[in-house]
Protein chains: 2
Amino acid sequence: MEVGEATAVANGFCMNEGDREISYANNSMIQKTVILKTRRILVDTIKDLFCNVLPTCIKVADLGCSSGPNTFLTISEVIGSVQEICQQAQLKSPEFQMFLNDLPGNDFNAIFRSVPAFLEKLKREKGDLIGHCSISGVPGSFYGRLFPSRSLHLIHSSYSVHWLSKVPDGVENNKWNVYMAKSSPPNVFKAYAKQFQDDFSSFLSMRSEEIKPRGRMILTFIGRSNPDPSTEFYGWELLAKTLCDLVAEGLVKEADLDSFNIPLYTPYKEEVSEIVQDEGSFEVDRLQVFEVDWDAGEDVNSNGLVLNKYERGQKIANYVRAISEQLLAGHFGDAIIDRLFTRLAIHEAEHLASNRGKVVTIVVSMTKK
Amino acid sequence: MEVGEATAVANGFCMNEGDREISYANNSMIQKTVILKTRRILVDTIKDLFCNVLPTCIKVADLGCSSGPNTFLTISEVIGSVQEICQQAQLKSPEFQMFLNDLPGNDFNAIFRSVPAFLEKLKREKGDLIGHCSISGVPGSFYGRLFPSRSLHLIHSSYSVHWLSKVPDGVENNKWNVYMAKSSPPNVFKAYAKQFQDDFSSFLSMRSEEIKPRGRMILTFIGRSNPDPSTEFYGWELLAKTLCDLVAEGLVKEADLDSFNIPLYTPYKEEVSEIVQDEGSFEVDRLQVFEVDWDAGEDVNSNGLVLNKYERGQKIANYVRAISEQLLAGHFGDAIIDRLFTRLAIHEAEHLASNRGKVVTIVVSMTKK
């Protein structure tokens with residue numbers, strides 16, 4: 001990846017904005033499912049964190065918050081859990097200071113325009129039982145410092161930390177692929193693993209400065225089920241296959257495909273715990289692996305009819321488009337995008353016929369030493 | 001003002017976004033001049049505030065930050081002043097947590113996209129001499145709570161607090177005017193003064209909860225030079241005159257003009273100090289009144305040629321448009337806007353021929369008791 005592209009990942013890369021059919025807001029059901037599936041860990045962590053001492057103001061950061069219907073889910077969950085603690089112990093509610101972080105290109109305007117409605121709903125539902133809740137947006141890469149030292153009680157991040165700070169160096173020979181794939185040369189697996197190791201270590205080190213002593217961090221990200229990265233099917237193969245189709249048709253230059261790779265890593269659970277241990281700032285409390293369907297809970301349409309494989313393929317292609325369109329358009333240009341995702345939908349449908357379309361997800365909960 | 005309109009002021013009203021000829025970013029020279037003119041008070045206040053005790057993290061809020069070239073001016077000034085204190089006392093720089101507030105409709109995306117460049121410039125200029133600077137956006141009306149209790153060292157606001165939370169009640173008889181004017185009935189002056197008293201008192205009361213004990217607040221806003229509000233020329237008369245022209249031409253309904261008033265108040269200096277004293281949370285350290293030209297420092301064009309009165313009139317009309325277009329379009333519809341401001345430019349030019357076009361500005365610096 002060239003310097004310009006690395007900067008693009010850091011400053012410009014983001015989910016599809018707006019409220020269109022292919023926007024992130026309308027294609028983040030899997031992310032919602034994941035947040036709901038990890039709810040228990042968040043609630044338990046909050047109870048554990050605040051059962052003995054309740055600060056006057058609880059400070060929480062959600063990293064990689066994106067925009068859309070999921071953005072306020074974590075905040076709501078935190079406030080609800082704290083309210084339960086207060087009611088049980090007959091304590092006055094603390095105040096809340098919630099920081100929503102994402103890259104500067106994220107659609108913060110969309111989030112901010114829904115803040116008044118969110119706060120009104122909170123007031124309507126909880127009344128005076130809840131202390132004042134201040135919501136801030138913090139633009140910046142979580143591979144750099146974002147918050148003052150020792151300022152946060154809890155850091156949360158869902159489906160973000162798998163994004164790398166850049167495409168790994170030395171993957172130029174990953175021809176006809178856009179990610180680790182069974183046909184990738186061995187150095188590609190090493191380069192991806194090394195980039196994740198570097199990125200995740202710096203992430204931990206930045207956060208360890210920003211979190212209060214004994215503060216908690218809960219991270220959820222895509223992982224893989226096999227220890228050996230060369231034996232896994234990652235799903236991006238279908239995007240590579242589609243791009244190869246477009247090369248064959250002369251719509252994409254072969255050199256452009258050769259130089260494109262997705263800046264994302266799906267670690268095996270042991271890689272995660274090893275990096276946490278080696279970095280040394282946090283101790284792992286819980287690490288769980290679970291699977292979610294790519295079309296999580298959406299295999300029926302709005303009329304309750306079961307979708308056929310082509311409709312499901314289209315949905316999955318929309319999910320992929322919502323998170324990767326900007327990267328792809330930045331590299332290949334806008335002109336091919338519609339055709340690329342129409343074609344991807346077909347490959348996804350054909351793949352669904354013989355595969356379940358599961359996403360391995362890792363959730364790790366840790367405490368600052 | 002109807003409930004819908006009050007909500008529009010609180011949630012939707014904002015300066016013209018983007019980078020067009022009539023955007024706020026390109027028409028905020030007067031606001032810049034004001035910030036530069038009050039620089040000395042900001043610097044003195046910071047030196048006074050931090051000369052004895054330097055916290056590990058300095059927390060500052062800028063209320064009504066808008067977007068455009070002025071947004072980072074105050075932050076830069078605060079950091080520069082703290083750096084001077086540290087250099088003189090040979091102390092390590094503290095960290096900074098800067099909160100930029102405006103209504104949820106403000107273009108925070110534009111601000112956030114310039115944060116990386118601002119932080120890089122800061123690093124380039126100050127190097128490791130400056131502690132980490134965290135920049136957050138906080139959407140919401142400053143007539144409600146925005147920040148946790150006792151969390152801020154310094155609150156700053158320039159050219160924002162003159163905006164009221166709504167058009168005063170009981171000004172329905174302010175026919176053919178859009179603001180206080182010499183021809184306004186006496187109840188209109190009372191209603192405007194009462195609304196400012198209520199709004200400014202609640203502003204002080206909200207901020208007194210958010211600021212640390214002995215914390216400082218510096219507010220700059222448009223004021224007036226006469227104690228008697230019925231004797232002043234406010235400038236909005238020219239907008240009223242223009243709207244009357246459009247009524248005469250049948251482009252604006254008379255009833256629409258009758259029901260439109262600008263939700264802004266320009267207090268006399270003694271009103272300000274009285275409200276601060278009555279509210280009771282702050283003591284006034286300094287209160288100064290000064291004048292700035294409406295076309296502050298911009299009476300020459302980019303080629304260095306002195307502008308004629310029509311060119312200056314156009315510039316002033318653009319300034320007025322940048323801050324009031326959204327209010328006007330919300331009430332009268334988009335269709336009349338271009339014609340309205342073309343006509344206003346002519347009235348401004350004619351007015352300039354016999355008047356200086358000065359804006360009375362009040363700056364007040366206070367300490368939380």
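Let's start with a charged pair: A:Asp48 and A:Arg216 form a salt bridge, with their closest N and O atoms 2.3 Å apart. The two partners come from distant parts of the chain, since A:Asp48 sits in helix α3 of chain A and A:Arg216 in strand β5 (residues 211-222) of chain A, 168 residues apart. Keep in mind that this is a predicted model.

**Salt bridges**

- Side chains of opposite charge can pair when their charged atoms come close.
- How many salt bridges does the structure hold over all chains? The count is 42.
- Between chain B and chain A, the count is 2 salt bridges.
- Here's one that crosses from chain to chain: A:Glu95 pairs with B:Arg145, and their closest N and O atoms are 3.6 Å apart.

**Where chain B meets chain A**

- On the chain B side, 29 residues are in contact with 29 residues of chain A.
- The size of an interface is often given as the accessible area lost when the parts come together.
- For chain B and chain A, the buried area is about 2,300 Å², and carbon and sulfur atoms give 50% of it.
- There are also 16 residue pairs in polar contact between chain B and chain A, counting pairs with both residues at pLDDT 80 or more.
- Which elements of chain B give two or more residues to the side that touches chain A? They are β1 (57-63), β2 (95-102), α5 (108-126) and β3 (133-139).

**The largest cavity**

- Searching the whole structure turns up 4 cavities of 30 Å³ or more.
- The largest cavity holds about 90 Å³ of space.
- Its lining is made by A:Ile35, A:Leu36, A:Thr38, A:Arg39, A:Leu42, A:Leu73, A:Thr74, A:Glu77, A:His156 and A:Ile218.
- In chain A, the elements giving two or more residues to this lining are α2 (29-37), α3 (39-50) and α4 (73-89).
- Which element gives the largest share of the lining? That's α4(A), with 3 residues.
- Sorted by kind, the lining of the largest cavity has 5 nonpolar, 3 polar and 2 charged residues.

**The second largest cavity**

- The lining of the second largest cavity splits into 3 nonpolar, 5 polar and 2 charged residues.

Conventions. Residues are numbered from 1 along each chain as its sequence is written. Chains are lettered from A and ligands numbered from 1 in the order in which they are written. This is a predicted model: local features need pLDDT of at least 70, side-chain atom pairs count only at pLDDT 80 or more; totals for chains, interfaces and linings use all residues. Side-chain values use heavy atoms; hydrogens and water are left out. Contact means heavy atoms within 4.5 Å. Buried area is the accessible area (1.4 Å probe) that two parts lose on being put together, summed over both. A salt bridge is a side-chain nitrogen of Lys or Arg within 4 Å of a carboxyl oxygen of Asp or Glu. A polar contact is a pair of N or O atoms within 3.5 Å; within protein, one must be able to donate a hydrogen and the other to accept it, and residues adjacent in sequence count only if both atoms are side-chain atoms. Helices (H or I, at least four residues) and strands (E, at least two) are DSSP runs, numbered from the N terminus. On a 1 Å grid over the protein atoms alone, a cavity is a set of points where a 1.4 Å probe fits but cannot get out, and a pocket is an open set with protein on both sides within 12 Å along at least five of seven lines; lining residues have an atom within 4 Å of a point. Grid points are joined across faces, edges and corners, and a volume is the space filled by probe spheres set on the points. Ala, Val, Leu, Ile, Met, Phe, Trp, Tyr, Cys and Pro count as nonpolar, Asp, Glu, Lys and Arg as charged, and the others, Gly among them, as polar.
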